[in-house]
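Thanks for sending this one over. Here are my notes as numbered points, to be read with the model open beside you.

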Amino acid sequence: LALWVPVVGLEIHAQISSNSKLFSGSQVQFAAPPNSLVSFFDASLPGTLPVLNRRCVEAAVMTGLALNCSINKKSLFDRKHYFYADLPAGYQITQQRVPIAVNGSLSYSLCVDNKMSQMVTKTVRIKQIQLEQDSGKSLHDDTRSQTLVDLNRAGVGLMEVVMEPDMCCGEEAAAAVRELQLILQTLGSSQAVMAEGQLRVDANVSVHHPGEPYGVRTEVKNINSIRFLAKAIDYEIQRQIEELENGGTILNETRAFDSKLGCTVPMRDKEGKQDYRFMPEPNLPPLILYDAKSLPANMNHQQVINIDWIHERLPDLPSVKRKKLVERYGILPEHSFTLLNEDGLAEFFESVVKRTQMKPKKVIGWILNDLLSYLKQHSLTVKESPVSSFLLADLLNLLEKKEISSTAAKQVLAELWKGEGKTPLEIVKEQKLELLQDQKELEQICQAVIDAQENQ
Amino acid sequence: AALNDGLRSQVSAALKEGRVTPTELCQRCLALIKSTKFLNAYITVAEETALKQAEESEERYKRGQPLGILDGIPVAVKDNFNTAGIETTCASNMLKGYISPYNATVVQKLLDQGAVLLGKTNLDEFAMGSGSTDGVFGPVRNPWSYSEQYKEKSVPKSHSEDGEFNWVITGGSSGGSAAAVSSFTCFAALGSDTGGSTRNPAAHCGVVGLKPTYGLISRHGLIPLVNSMDVPGILTRCVDDAAVLLGSLAGHDPKDSTTIQDDFKPFELPNLTDVSKLSVGIPKEYHAPGLSSEILALWSKAADLFKNAGAKVVEVSLPHTRYSIVCYHVLCTAEVASNMARFDGLEYGHRSDMKDSTESMYAATRREGFNDVVRGRILSGNYFLLKQNYEKYFVKAQKVRRLIANDFVKVFRSGVDILLTPTTLSDAAPYTEFIQEDNRTRSAQDDILTQAANMAGLPAINVPTALSERGLPVGLQFIGRSFQEKQLLTVAKWFEKQVQFPVIQLEEVKRHDSGVFQHQKSASFS
């Protein structure tokens, strides 16, 4: 059988977490009434001009630094032209010639053969990060033959992160995106929730024989979750392989992922390749960023962005946090991944550890096996957990002090899930789950049991 | 009263002393607008709001608290500036009936200082043109067509074969604003200048037309033609008045990222008497093909004027001048194609009844909304911006633009303070003659002397100089260093004083001039 090398690259659009839009002062908010967050500029009223939002630039610099990029001290804005109902100006302002950050990398981890205990670290190169405007939304109402346009999202700031085709399958892409998501959320530069459209991923997929040039690639869009990302990519790889093995060719086209059918389908014909007629944005001067060395002496620091200043204030990235968890608590690396993967779980764990004498290595089991599985079963987030870290700590203390058995502890935990406000101690007393320590009493009970048996 | 008495020294005093009230001024102007309706200078006259503004100004004067020199002064604004509550059409079907929800920064500044906004003036559609003849509301007529001076000199030729009066054009694209100032219906008007659109009509209508340095005055609210070259232009009857307007409009605007951050300090123009320290450059390339012998002679005479007054007058060279037309064409059409992309009928403006699909609605809307000139420029611009053409045309033109700008830098660095050139190739043409050639041809011809200043972002001003043999105004242009408006206007003011350009003799003006106008012989109102 011929060997195929799949090649996967990603174009990720992350909505910047900011109060106002990239070039105008209207608010950024999810699910607001249609056309309630639209400034004159967003609606492309003639004569309006873009004004760059500082916070968006800072978000992009933070993200660039976290992804080991070179930050371009001078970057430029361009217009990308096409006609569409959700693009009021007839062009998008983006950074095509010189983006704000280039040449970075992202490390992510994968389990080998689905075994959590064997993790391997991979790296994907980040080609660039560019600032650009989001478009509005158009909803097609086929029954009334009309299109409804909502411009709330038009002009919201986006960071487009381009990942080079260093990945080989859906799993790698999913892991890379997951790690990016965690980084963005840690930085606060984007909330990166895919379900709310704050993180959108398009995949570029191709296959080729080893040693031969890269094959024709397709672009896969309309992917709404990380799980679907992996599925869509793997389907597309398979589709291309089958197509080529049957003597067909791959078209350089855009395909949409159909989550119901689990396959990719060609998107509606866009009448050949679009020429976006890129042109410099004449209303925005070049974006100049400074570092400690290049910062002019008498510059008003409100007017400038100092890359070094931002660098110094970056929070611990997920990879660093994981390392610290492993070092501090002696847990396994794969445990640290799970802790960071659930929003709030690491904090919960640390809170419990602080309040209990039980060793962290034992606590982690209760967190990952008991707490987490219960949360998953009931589709709850850590924040929504009826069992707080305090309660769990109390329970684990009882166990640690040998006042109850571990079986009893599990029973108490089940009771605590009901969230009736009882403390572990109260439940233990109620259900008479105390471990008997008194030797004499134990002997008496045992004797009674033996006696009862003999009587039968 | 002298030519350079104007708003600052005369009108302001008259208002403060109560010799005339803002309401009187406003009413007089409104009446004059009505009796000069045949000029077609105004698209919208905002009579009600203007009178209200005048009343409010009057209250302030009564209390002894006028907001400044512009308080109560009637002004007009070219119809490509956004004015809240007053229609803004750009003389296009695309924006007929469009009522903007906001004021352009320059309009707001005028209103904040108490100016009385009389209305919106006529122009070439979307400011594309050099005649003010190609808007949907019809052409603007040059007031000088009806002047005694023109009638004296041109009566035999002023009627065409069928007896129709052969009026002359205002030039463009800010023809309505120039005509409004020229015919005394307002004291000052805003125009725009992208390739000469303020200076050209100023020259043909015998008024002062100032193009400020790019980045000095905010473009927020000015519907753009070419974002990298557009500036709001100032039209007045004397140089001093232009300085007053400049002082009230210039300065950083956070809403326009292309305005400079530096503080701007309004200035009063000194009365220059000694020009011996001045070095005036005469760029030889501005002796352009088609330059009338009359204007050539006038230009020469002006140069001699400076020389005889003790200034150093030198011939200089701006070698890339001859490439500026073609360069401008590429850059202008490219930006136009981009700027006009927003007119799709979806959010505002004209929307076609075509409902088959979004694309067909867009296409029909744009076909119906734009005239041929606009559509022609969009098509050209899109061609130049195609991926396969971008380097060849757009990038090349950017480079040529840099060379043109550098020509000026070199000349100014060589010790020259100011450049003296003609503004137009000839005096105003009769309308019937002008329309023999298409808009593109005319624009290319007429822009040659003015557009290099836009490419380089430099300040430039037309000063009315003399009447031609046909009795029509001819102006000369001064081009100054970046942000050196004070020097530019000081020299212009000196020159204005030397040439003593005559006041237009218009019957309509005389009729309305009972009292206030009568005392003055100057071209500026006082």
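1. A contact here means heavy atoms within 4.5 Å. With that in hand, look at Ser57(B), which touches Pro22(B), Asp71(B), Gly72(B) and Gly114(B), leaving out residues up to four places away in sequence. Ser57(B) sits in helix H3 (residues 47-62) of chain B; helices (H or I, at least four residues) and strands (E, at least two) are DSSP runs numbered from the N terminus. Ser57(B) counts as buried because its relative accessibility is 0%; buried means under 20% relative accessible area, exposed over 50%, and partly exposed in between (1.4 Å probe, protein chains only).

2. A word on the ground rules. This is a predicted model, in which local features need pLDDT of at least 70 and side-chain atom pairs count only at pLDDT 80 or more, while totals for chains, interfaces and linings use all residues; side-chain values use heavy atoms, with hydrogens and water left out. Residues are numbered from 1 along each chain as its sequence is written, and chains are lettered from A and ligands numbered from 1 in the order in which they are written.

3. Now chain B as a whole. Chain B has 18 helices and eleven strands. Its radius of gyration is 22 Å, close to the 24 Å that the globule rule gives for 526 residues, so chain B is as compact as a globular protein of that length. (The radius is taken over C-alpha atoms, and the rule is 2.2 Å times the number of residues to the power 0.38.) The C-alpha trace of chain B spans about 65 × 55 × 55 Å along its principal axes, and 64% of its 526 residues count as buried. Among contacts in chain B with a separation of 6 or more, 79% come from residues 24 or more positions apart.

4. Please also find Gly176(B), in helix H6 (residues 175-182) of chain B. At 0% relative accessibility, Gly176(B) counts as buried. Setting aside neighbours within four places in sequence, Gly176(B) is in contact with Ala41(B), Thr121(B), Asn122(B), Ser132(B) and Val140(B).

5. Which residues of chain B does a cis peptide bond join? They are Gly172(B) and Ser173(B), with omega at about 10 degrees. Ser173(B) belongs to the loop between helix H5 (148-154) and H6 of chain B. As background, most residues other than glycine have a negative phi, and most peptide bonds are trans.

6. Two backbone angles deserve a look too. Asn40(B), not a glycine, has a positive phi of about 60 degrees; Asn40(B) is in the loop between helix H2 (22-35) and strand E1 (42-45) of chain B and, at 21% relative accessibility, counts as partly exposed. Phe126(B), also not a glycine, has a positive phi of about 55 degrees. Phe126(B) lies in the loop between strand E3 (116-121) and H5 of chain B, and counts as buried at 4% relative accessibility.

7. Finally, chain A. An open sheet of three strands runs in the order E5-E4-E15 (chain A), with antiparallel pairing; two strands pair if DSSP finds at least two bridges between them. Strand E4 (residues 78-81) of chain A is joined to E15(A) by two bridges, and Asp78(A) stands opposite Pro280(A) in E15(A). Elsewhere, strand E1 (residues 5-15) of chain A pairs with E10(A) in the antiparallel sense over seven bridges, with Glu11(A) opposite Val162(A) in E10(A). Eight of the eleven residues of strand E10 (residues 157-167) of chain A are buried, so this strand is largely enclosed by the rest of the structure.
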